[in-house]
Amino acid sequence: MDENVVYNPPDQANQQNSPAADAPAEQVPSDGQTDITNQTTDGQTADETAAVEDSAPPPGMLGGGLLKKVLIGVAAIVIIIIIIIIILLPKGQQAKHVTLQWWGLWEDSSTMQPIISDFEKAHPNITVEYTKNDPDQYLDRLQTRIQNGNGPDIFIYHNTWLPALTSDLSPLSTDVITPDTFKAAYYPVMQQDLTQNGALYGIPQEGDSLALFVNPSLFEAAGVQVPSSWDDFVKAAKQLTVKDPSGKIKTAGAALGTYDNINHAPDIISLLFLQQGVQMNDFSNSASNESQALQFYTSFSQGQDDVWDATLDNSLLAFSKGNLAMYFGYSWDVFAVQKLNPNLQFKIYPVPNLYGKSTTVASYWVNGVSAKSSNQTEAMEFMQFLAQKSTAQEFYTETAKTRPFGEPYARKDLQDSLKENQLVYPFVSQLNDAGSSFFASNTDDGDTGINTEMNSYLQAAINSIITNGNAPDAAVSDLDNGVTQVLQKYGQSQ
C-alpha cells in the first residue's frame, strides 16, 4: 500500500465481508469484445491504477477529495450560522451617554469649563454641567433636592458637614482613590474629617486654615514684633492698642474677647480649644480645658487692659480701615480686605502657638457623590479625575486668572509650589498640624445646619461671660449640653 495512505486498511477478513466483495461483476460490452481501453498491460484496469495512485482509502473511509469537500461544506455551514447569528442578534450597544450635574459655590462656570472640557475629551460619553449656587441656605436646598430625587450627581460641601450628609453621600470606590493614596496626597486633618467606617466620602477641592493678618505700619509705629506665641501676642496686643482720654478704643490691638462683632469668632475659639487640648470628637469630656480656653478668650475684652470691645466695627471692617493691628482670618479674607481697602498693606503669618503647639483650624470644601445619583459609575469616574494631581494644578491655575492666587491646594505634595506667594503660602503651610471643629463660620448651612446650631451655643456661652458675668465653668456646662443635643440629632455621640 502507498505510504501516503492516511488510514490503515482493515484486516483481510473485513475486506472479504465488505460491501465491495458482494458487488456484481462489471458487465461486458454487448458486442462480445473486451474493452481494452480500460486495461493496463499488467491486467489492471486504468481506474484501479488511478485509485492506487490516488492512495484511496479502503471502502467505508473518506477519501482525500471527498474529505476536502466535506470540510468545505462544514466550513460553509459554520460561516452561514455565524452570519445568521450576527444578523439576528442585536447590534453591540455604544456606551450610554450620561450628563452629570455638578454643584459648586464659589467659582463661575467659565472658570470650571476648561477642567470639565479636559475630562469630557477623555470621556466622550459623559457631559458635565456645572452650576454655581447661591451660598444662602445652600445646605438646606441641597438636601431637599437630593431627597426629592432631582439633586446633583456631584456637589461641594464643607468639611464639617459629613455627619449631616451621611445618608446623602456615596462612599468613594477604591477605583477613585485608595485610602493609602489619599493618605499620601492629602493632609491628616482631611483623612480624619472625610473617613467614616473605613470609607472616604469626598475629594477636597481646596485647603485653608486660620492665620494671623497683621498691619505692618501699626507694628512699626508701636515698635512691636509680630508674635509667634500667645504670651507675646498678649503683650503685643496691649502695646498696639490706642485709647482716647475717656478710655475708648481708637486702634485695637487684636480682635478677641467678644462674639457678635468678630469675624470667625467660632474658628478663633476652636483654635484655642485645639491648642488647649480639647478633643473635638470627645468634646463633653474636656470641660476643664474648655473653661480655660473661654477664660483666656474673653479676657481680651475685659478690664482696664482690654484691647477690644463690643462697640467696635466688625473685625474685618476694622482691619480694612486700619483700625485693627491683628486679625484672624482665612485665605478668602485677603480678597475681602483688598476690596474694602485696595491701598492697605498687610501681611499673613501663622497663628500664635501655645507652649510650642502650633495647631490651627482647617476649614475647606470637598466634592462628593450623591447617594441618590443614578449615574454612580460615571460620577466616580469624574471624582477620579478630580483626585489627580494634574487636575488640582489646572484648577489652581484657572482660579488664579481672576485674582492674586487660586484656591489653595488641598494636596500636601503641592504645598511648596506656593512658597513664592506670601499671601497664600501661610495658609497651606499650617495644614500639616491643623485640626477641625464643628464650630465653623461662613459655611452657609442654613438656620438649622450643624455649624449654625453649634455656633449658637458657643455664642450664648461667650455672651453669658462678658455680658452676664457668668463664670466660664457655668458657661461650659451649658455649652456641653447644647453640643450633645446637636450631635445626637445627627446620630453622633460624645
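Ile462 sits in helix 18 (residues 450–466), where helices are DSSP runs of H or I with at least four residues and strands are E runs of at least two, numbered from the N terminus. This is a predicted model, where local features need pLDDT of at least 70 and side-chain atom pairs count only at pLDDT 80 or more, while totals for chains, interfaces and linings use all residues. Residues are numbered from 1 along each chain as its sequence is written, and side-chain values use heavy atoms, with hydrogens and water left out.

- Ile462 is buried, at a relative accessible area of 0%; buried means under 20%, exposed over 50% and partly exposed in between, with a 1.4 Å probe and protein chains only.
- Leaving aside residues up to four places away in sequence, Ile462 touches Gly257, Thr258, Tyr259, Ile269, Leu294, Tyr297 and Thr298 (contact means heavy atoms within 4.5 Å).
- Ala265 is 197 residues from Ile462 in sequence, yet their C-alpha atoms are 10.0 Å apart in space.
- Thr391 belongs to helix 16 (residues 389–399), and its 5% relative accessibility makes it count as buried too.
- With residues up to four places away again left out, Thr391 touches Ile115, Phe385 and Leu386.

**Cavity**

- There is one cavity of 30 Å³ or more, and the largest cavity holds about 190 Å³ of space.
- Of its 17 lining residues, Pro204, Gln205, Leu386, Ala392 and Phe395 are the closest to the centre.
- Helix 4, strand 7 (203–204) and helix 16 each give two or more residues to this lining, and the largest share, four residues, comes from helix 16.
- As for the rules, a 1 Å grid over the protein atoms alone is used: a cavity is a set of points where a 1.4 Å probe fits but cannot get out, a pocket is an open set with protein on both sides within 12 Å along at least five of seven lines, and lining residues have an atom within 4 Å of a point.
- Grid points are joined across faces, edges and corners, and a volume is the space filled by probe spheres set on the points.

- The largest pocket comes to about 820 Å³, and of the 30 residues lining it, Gln192, Asp193, Met280, Asn281 and Ser436 are the closest to its centre.
- Helix 6 (162–165), helix 8 (188–194) and strand 5 (195–196) each supply at least two lining residues, with helix 8 giving the largest share, at four.

- An open three-stranded sheet has the order 11-8-12 and antiparallel pairing (two strands pair if DSSP finds at least two bridges between them).
- Strand 11 (326–329) and strand 12 (347–349) are at the edges with a single partner strand each, so one side of each has no neighbour in the sheet.
- Neighbouring strands in this sheet are turned by 35 degrees against each other on average, direction ignored.
- Strand 8 (residues 211–214) is joined to strand 12 by three bridges, and Val214 has Lys347 of strand 12 as its bridge partner.
- Helix 10 (residues 230–240) packs on the sheet, touching strand 8 and strand 11, and its direction makes about 130 degrees with that of strand 11; axes are lines fitted to C-alpha atoms, for helices over the stretch in contact, and angles run from 0 to 180 degrees between N-to-C directions.
- Elsewhere, strand 1 (residues 98–104) and strand 2 (residues 126–132) run parallel, joined by seven bridges, with Thr99 opposite Thr127 of strand 2.
- From strand 1 the chain crosses through helix 4 (residues 109–122) to strand 2, a right-handed β-α-β crossover: with the strands pointing away from the viewer, the path from the first strand over the helix to the second runs clockwise.
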